[in-house]
Amino acid sequence: QVQLVESGGGLVQAGGSLRLSCAASGSIFMINAMGWYRQAPGKQRELVASITGGGSTNCADSVKGRFTISRDNAKNTLYLQMNSLKPEDTAAYYCNAEIITAWGRTQNYWGQGTQVTVSS
């Protein structure tokens, strides 16, 4: 059994910062690419940022210069540092990871989501 658990969401004023965390646990052999997605009410889920197993990162244009994705492989944890938050960043944020389980099976996993609300 593998789980992804996000934390760190909340309510913040525009211009503020939040740091999201996503901890992976269970029968994990290796974690490949990881990413943060978000979904606002009435909109499709979109990729915010991703990071490979080797540490190469990619960010959506809408968050470049404001959000930073990172990971701690020793802790099986993914982070998203969000600065200069805007009301349009309001959404449920989801963690995603491609994980090779202890049984050698490669699967894609999602966390349950954490809400980020930015007030103007």
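1. In β3, Val-5 has Ala-23 as its bridge partner. The model discussed here is a predicted one. The strands β1 and β3 (residues 18-26) run antiparallel and are joined by 6 bridges.

2. β1 and β3 belong to an open sheet of 4 strands, in the order β1-β3-β8-β7 and with antiparallel pairing. β1 (2-7) and β7 are the edge strands, each pairing on one side only. From one strand to the next, the twist averages 15°. As a general point, strands of a sheet pair through backbone hydrogen bonds, either parallel or antiparallel.

3. A further antiparallel pair is made by β9 and β10 (residues 106-110), with 5 bridges between them. Within this pair, Gln-107 in β10 stands opposite Ile-99. The hairpin of β9 and β10 has 4 residues between the strands, and Gly-104 takes a positive phi near 80° there.

4. Asn-83 sits in the loop that runs between β8 (77-82) and β9 (91-101).

5. Leaving aside residues up to four places away in sequence, Asn-83 touches Gly-16, Ser-17, Arg-66 and Phe-67. The side chain of Asn-83 also makes a polar contact, at 2.9 Å, with the side chain of Gln-81.

6. Arg-66, one of the residues touched by Asn-83, lies in the loop between β6 (57-59) and β7 (67-72). Why does Arg-66 count as buried? Its relative accessibility is 10%, and the label applies because buried means under 20%.

7. Which side chain makes a polar contact with the side chain of Arg-66? The partner is Asp-89, at 2.7 Å. A polar atom of the Arg-66 side chain also lies 2.9 Å from the backbone oxygen of Ser-62.

8. Not counting residues up to four places away in sequence, Arg-66 touches Gln-81, Met-82, Asn-83, Ser-84, Leu-85, Lys-86 and Asp-89. Two of these names have come up already: Gln-81 makes a polar contact with Asn-83 through their side chains, and Asp-89 makes one with Arg-66.

Conventions:
Residues numbered from 1 in each chain as written. Predicted model: local features only at pLDDT ≥ 70, side-chain atom pairs only at ≥ 80, totals over all residues. Heavy atoms only, no water. Helix = DSSP H or I, 4+ residues; strand = E, 2+ residues; numbered from the N terminus. Contact = heavy atoms within 4.5 Å. Polar contact = N/O pair within 3.5 Å; in protein donor to acceptor, adjacent residues only side chain to side chain. Buried < 20%, exposed > 50% of the residue type's maximum accessible area, 1.4 Å probe, protein only. Pairing = 2+ DSSP bridges. Axes fitted to C-alpha atoms, helices over the stretch in contact; angles between N-to-C directions.
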